[in-house]
Amino acid sequence: MKILCAVKRVVDYNVKIRVKTDQTGVETANVKFSMNPFDEIAVEEAVRLKESGAATEIVVVAVGPTAAQETLRTALAMGADRAILVQTDLETQPLGVAKALKAIVAKEAPGLVIVGKQAIDDDCNQTGQMLAALLGWGQGAFASKITAANGELTVTREVDGGMETIVLPLPAVVTADLRLNEPRYATLPNIMKAKKKPLEIVAPDALGVDLTPRLTVLKVEEPPTRSAGVKVPDVATLVAKLKNEAKVIP
């Protein structure tokens, strides 16, 4: 079985986000970028499935600028076999990415697609679900455990009431949750080997996909500064403040 993983280049999760002075977006100049953490979990799960014998090949795909090659090389160092970059300098949005992935799926014919449940830059949590809908495949969203056997995929996912287990016929789309696994660190020998692994660059036009953004960001603002706490002398004053000022109780 071939596994396809989608990865995204995002501002590193350790970086303190700063909004541009013109409020058109966040500052990205001289900022460290890395692989989206949920996508890193997806790649790790694909590698584990290959190590268990459930998969034979892992292909990683990114939709983004030339700099996204670095993100793909990281995935190759983790254990992926090949990489594909759909190169574009346009802002990537979930529907456009899902359409690009659909075109890649038609070309590669994988038995399973694993993506992160969301990207930490836009938090849309839409690409995996949109891809499954476009393909007409079953989907297991927010997976915290995956088991492949007999042409089926057993996915355990967290729901409000506890844990839910579903069985999906392959091919299918799975989105990886935080608790699915803990990604490995790429070793230096594997980083060096990743430089020699094949990385294909394709244009969106070659896939017949239009990545023009359909959503417009009007303004980006910093969250309001949290006000300092206050001490109250007694319970009655606390209840009064919660009722009249915070308005969290009727």
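Visitor: What makes up the open sheet, and in which order?

Guide: The open sheet has 9 strands in the order β9-β8-β7-β10-β6-β1-β4-β5-β11, with mixed pairing. Strands are DSSP runs of E of at least two residues, helices are runs of H or I of at least four residues, and both are numbered from the N terminus. This is a predicted model, in which local features need pLDDT of at least 70, side-chain atom pairs count only at pLDDT 80 or more, and totals for chains, interfaces and linings use all residues. Residues are numbered from 1 along each chain as its sequence is written, and side-chain values use heavy atoms, with hydrogens and water left out.

Visitor: Why are β9 and β11 said to stand at the edges?

Guide: Two strands pair if DSSP finds at least two bridges between them. β9 (162-169) and β11 (199-202) each have a single partner strand, so one side of each is left without a neighbour in the sheet. Neighbouring strands of this sheet are turned by 30° against each other on average, direction ignored.

Visitor: How do you know that β4 and β5 pair?

Guide: Strand β4 (residues 57-64) and strand β5 (residues 82-87) share 6 bridges in the parallel sense, and the criterion is at least two. Within this pair, G64 has Q87 of β5 as its bridge partner.

Visitor: What makes α2 a helix that packs on the sheet?

Guide: Helix α2 (residues 68-78) touches β1 (2-7), β4, β5 and β11, where contact means heavy atoms within 4.5 Å. The direction of α2 makes about 160° with that of β5; axes are lines fitted to C-alpha atoms, for helices over the stretch in contact, and angles run from 0 to 180 degrees between N-to-C directions. Helix α4 (residues 127-135) also packs on the sheet, touching β6 (112-116), β7 (138-149) and β10 (172-176), and its direction makes about 175° with that of β10.

Visitor: Why is T71 called buried?

Guide: Buried means under 20% relative accessible area, exposed over 50%, and partly exposed in between, with a 1.4 Å probe and protein chains only. T71 has 5% relative accessibility, and therefore counts as buried. T71 lies in helix α2, whose buried residues are A68, T71, L72, A75, L76, A77 and M78. Leaving aside neighbours within four places in sequence, T71 is in contact with V7, K8, R9 and M35.

Visitor: What follows α2?

Guide: G79 follows α2, and its phi is positive, near 140°.
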